[in-house]
Amino acid sequence: MAEPSFARLSLLFFGFLLLFATYSWVFGPDSGFFSGTRVRKTLGSDPKPRVDHSSEKPHHPLDPLTVREIERVRSILSGHDPVFRSGSATIHSMALDEPDKTRVLQWKKGNPLPSRRAEVVALSGGQSHVITVDLDSGRVVSDLINPTSGYPILTMDDLLVAAQVPLKSIEFNRSIEARGVKFSDLVCITPFAGWFGPDEEGRRIIRVQCYTLQGTPNYFMRPLEGLYATVDMNTLEIIKIVDKGPVPIPKAAGTEYRFGVENKPVHMDRINPISMEQPDGPSFRVEDGHLVKWANWVFHVKADHRAGMIISQATVRDSETGEPRSVMYKGFPSELFVPYMDPEESWSYKAYMDAGELGLGPTAMPLVPLNDCPRNAYYIDGVFASPDGKAIVQPNMICLFERYAGDVSWRHSEILVPNVDIREARPKVTLVARMATSVGNYDYTFDWEFQTDGLIRVTVAASGMLMVKGTPYENVDDLGDKEDDSGPLISENVIGVVHDHFISFHLDMDVDGPSNNSLVKVHLEKQRDPTGKAPRKSYLKVKKSVAKTEKDAQIKLSLYDPYEFHIVNPNRKSRLGNPAGYRIIPGGNAASLLDHDDPPQIRGAFTNNQIWVTRYNQSEQFAGGVLVYQSHGDDTLQVWSDRDRSIENKDIVLWYTLGFHHVPCQEDYPVMPTVAASFELKPANFFESNPVLGVAPFFEKDLPVCKPFASS
């Protein structure tokens, strides 16, 4: 049978709806597809004046590509033969090819910028191209074809076109009709990627699954279970259709989540609006769009197509000497790995690499003022390139704000000193750099929080929708001994499939300089009393060792074999002789339980350990490799670390994988409350003493007079 024309229109419409949730590139009314720079719209009032990106210039060696530079790259590539001259190539990502680290560290404000280059990852004729474009000379200086296995980040066009292909099939359409779903309610998305063997060699493969929008915008809760199609994205042909027969579609009732539409009563007293007031204004300032200065911190922040947000050249001023001291050259989430735990054919392929397959930048929505970020926030836009090389401005992608939630920086009260009332406390005010990305069903918020005592806390918070599975069962009592192995029942006909979240961070630590850092493993060893005469029978002893090579720094965390891990500069010592250092403090953590020969784990091998340290190499940025989509795992952090290079007293990179297992529950339905995990980078003998000892407390006279609390 022929596909109805209205179904085609509906698919296109809802395909764009899906892409709003994933790539979300919505253009302004005066910016047609071929008319130049596009600006994505944002809802509500704009929290800051619109920046004229068309005239922006870079001010710092690490500043992202400007609109003008992106257009220049596009012009240069248009003459690059044969990749772009034929018109068949598509751009999958474009970013600054950062200058050599040494040149960046030597640069001072007022000096000429190092040569500006762009790295472009493109696809042409089924081949991947990693292209370096020199903006100063106006030429392509490098074009690596298929440097590793895998393909570039998927584009909006990839997702939209692939989602349409199954509805060209009579067989697939009949399967839709057999489930009683109207084509006008249909949403088809592409949640299956990965690489699963030789059958997928030589072609880009994606799998398409469909949902129904009937009665709700929350289509993720209404899957057409047991039906999917495998599509060749190069030929736009269906390779395979799997239909295991209709499974009851979960109901629409109870899935609405929009405030203006959802009508569910909440038996909870109202929480009055709250905000932090700053009568003297913010304490931080942003120079040249990307350089942030606050309290004793200076760092560079920018939006990135793949990593979402990058923090660079973080330095903290020594409170005793006033000396600015380097802490971290570059930090960012290098990959986000989410494998699902269902062995069925229609689910086993779901193992996502969100940064390398979709990019955390293009999936970032404009932050919502007063809800994503407080009233005192400052917003930074992202500038990216579309598949045709045009510049796209994503407004309000990053926010900066000071946070004070009543926390204490340090305190002490004393009762044993006679005739002296000692009650000393200091408020903890911090600075947060935040971005949020909506990668399909999940929303992730990334915070980099800077404290005046030198600590950096990195937090990843997850919310949004679960990826759920349809089931015939409506109550756990109906399951009997047939309980679904893939996860618990969280609503009628809805299984919340068990899955993991792993976020691998690239942390190029430069503790007091880049060239002389080492990893010190501080082992807490249990000892028995050697004399047998003490009242205590056991105690802990600290034993330190320096990791010599990369394999020495492949670390699995254990509660019953505890270590601390310090990045130190052995050439910078305190007055007591301790090397200046920073300690990584793991937060909520989970280890991958997948077998190492499992295809998703081969690609996600960076989760084989929680901590790694590698020798600095500018080409080793992303833990999953340069080309992640359908990669074979031949260009991962595991591969680099197994080279076992020397890391003692060298320029080294710390990698930390934040992870948590997720066994869904009813409270995660229909939208999941935020769950967060974090880790910290904490000074360890970096300062001579408490660096915030002299910070002044707050006094009543410093703050505005507010309405007193009224009791009933």
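**Legends to views of the predicted protein chain**

**Figure 1. Surface of the protein chain.** The protein chain exposes about 32200 Å², of which carbon and sulfur atoms supply 53%; accessible areas come from the Shrake-Rupley method with a 1.4 Å probe, and for residues only the protein chains shown count as cover. This is a predicted model, in which local features need pLDDT of at least 70 and side-chain atom pairs count only at pLDDT 80 or more, while totals for chains, interfaces and linings use all residues. Residues are numbered from 1 along each chain as its sequence is written, and side-chain values use heavy atoms, with hydrogens and water left out.

Figure 2. The protein chain contains nine helices and 33 strands (DSSP runs numbered from the N terminus: helices H or I of at least four residues, strands E of at least two). Its C-alpha trace spans about 90 × 70 × 60 Å along the principal axes. Of the 712 residues, 53% are buried (under 20% relative accessible area, with a 1.4 Å probe and protein chains only). Among contacts (heavy atoms within 4.5 Å) with a separation of 6 or more, 69% join residues 24 or more positions apart.

**Figure 3. Helix α2 and its surroundings.** Helix α2 comprises 12 residues, 67-78, and reaches 17 Å from first C-alpha to last, close to the 16 Å expected at 1.5 Å a residue (1.5 Å times one less than the number of residues). Its buried residues are Val-67, Glu-69, Ile-70, Val-73, Ile-76 and Leu-77. The buried residues of α2 pack against several strands, including β2 (90-96), β3 (117-124) and β17 (391-403).

Technical notes
Buried means under 20% relative accessible area, exposed over 50%, partly exposed in between (1.4 Å probe, protein chains only).
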